[in-house]
Amino acid sequence: MGLNIRDLVIDYPARRGSGATRAVDGVNLHLDRGEFVGIVGESGSGKSSIANAIMGLAPVTSGEISLGDTNLAALRGKRARHARRPLQLVMQDPFEALDPHLSVHRLVEEPLVVHKLGRSREERRTRVREALEQVGLSPAEDFEGRRPHELSGGQRQRVCVAAALIVDPHVVIADEPVSMLDVSVRAGVLHMLDASRRRGNAVLMITHDLPTAAAFCDRLIVMHQGRIVEQGTSLQVVGNPSHHYTRELLDATPALGRQSASVPGS
Ligand SMILES: Nc1ncnc2c1ncn2[C@@H]1O[C@H](COP(=O)(O)OP(=O)(O)OP(=O)(O)O)[C@@H](O)[C@H]1O
C-alpha cells in the first residue's frame with residue numbers, strides 16, 4: 001500500500017504578533033512499499049508538518065494524501081482513524097507522545113489492543129517484552145512497570161519506537177527517531193526501521209542528519225522553505241547534488257565527504 005502526496009499545502013493561521021505561515025508549499029511525494037525514504041532539510045523547512053499532516057495532526061490547506069486509493073486528507077473522525085491504521089508515527093518529542101499515567105507495558109501494548117492483535121493477555125505480554133528487548137530496553141522486566149517520568153529521554157524515545165513497530169505497520173513515519181539517542185543505540189533503532197522495510201513496509205524518516213539519512217535511505221528528499229528542492233537516490237543526492245541548498249547542507253556536514261553513502265551492512 002503506497003503513500004502518495006499531491007500538491008500538498010499546509011498553512012498555519014496567524015497568531016497574535018505574527019502572520020499566517022505557509023509551512024509546506026506544493027509538495028509531491030511518493031513512498032512505495034519496501035522503500036526507506038529520508039526527508040532532510042534545516043529546521044523550519046516543513047518536514048514535521050508533512051509527517052503530522054499524514055497522521056492527521058496538522059491542517060491540510062489543499063492537496064491530497066493518499067494511502068492506496070484512499071485520500072486521507074478528505075476523511076474526518078472515525079473513518080479517518082480507521083484509514084490511518086496501517087500508519088504508525090514515531091514522534092520527535094517523546095515527552096508529548098507518551099501518556100505520563102501509563103506504564104511502559106501499557107504504552108507498548110496499546111497499539112496491539114487497538115489493532116486487535118494478540119489474542120490473550122499473555123500473548124500480548126510476550127510480544128511487548130520482545131519489542132522492548134529489540135529496542136534495547138533490556139531486560140524488559142526492568143522497564144515494563146515504569147512510567148515515562150522514570151525513564152531517560154533516550155529510553156522514552158525507544159518506548160515510542162517499540163510502540164510503533166510492534167504492530168508491523170505498512171508505513172512508518174519516523175520524525176527524528178534517533179535524535180535523542182546515543183550512537184550505539186542509534187544504529188540499533190535504524191536497523192529496526194530498515195528491517196521493517198525489508199519485510200516490505202515503507203519507511204519515511206525525517207531528519208536533520210544527512211549522513212545517517214544517506215546511509216540508511218534508498219532515496220532522499222531535500223526540503224527548503226516548504227518546498228522540495230531536490231530528490232533522488234541517496235548516492236545521487238550526496239554524490240552529485242544538483243541544488244545549491246543541498247550543497248550547503250553537505251558542506252555543513254564535512255564528515256559526509258569521508259563517509260560513503262552505502263546501505264547498512266555493505
Ligand atoms: N502548530 C503550528 N502553528 C504555527 N506554526 C507552526 C506550527 N507547526 C509548525 N509551524 C511553523 O511551520 C514552519 C515549518 O515547521 P516544521 O516543524 O514543519 O519544520 P521542520 O522542518 O520539521 O523543523 P524542525 O526540524 O525544527 O522540526 C515553521 O516556520 C514553524 O514555525
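This is a predicted model: local features need pLDDT of at least 70, side-chain atom pairs count only at pLDDT 80 or more; totals for chains, interfaces and linings use all residues.
The residues of the shell around the ligand divide into 2 nonpolar, 9 polar and 1 charged; here Ala, Val, Leu, Ile, Met, Phe, Trp, Tyr, Cys and Pro count as nonpolar, Asp, Glu, Lys and Arg as charged, and the others, Gly among them, as polar. Residues are numbered from 1 along each chain as its sequence is written.

Among the residues around the ligand are Tyr 12, Gly 46, Lys 47 and His 208, each with its C-beta atom, placed from the backbone, within 6 Å of the ligand. Helix α1 gives the largest share of this shell, 3 residues (helices are DSSP runs of H or I, at least four residues, and strands runs of E, at least two, numbered from the N terminus).

Let us turn to the sheet. It is open, with 6 strands in the order β6-β7-β8-β3-β9-β10 and mixed pairing; two strands pair if DSSP finds at least two bridges between them. The edge strands, β6 (87-90) and β10 (227-233), each pair on one side only. Strands β6 and β7 (residues 171-175) run parallel over 4 bridges, and Val 90 has Ala 174 in β7 as its bridge partner.

Helix α6 (residues 153-165) packs on the sheet, touching β6 and β7, where contact requires C-beta atoms, placed from the backbone, within 7 Å. The direction of α6 makes about 175 degrees with that of β6; axes are lines fitted to C-alpha atoms, for helices over the stretch in contact, and angles run from 0 to 180 degrees between N-to-C directions.

Key
Two residues are in contact if their C-beta atoms, placed from the backbone, lie within 7 Å.
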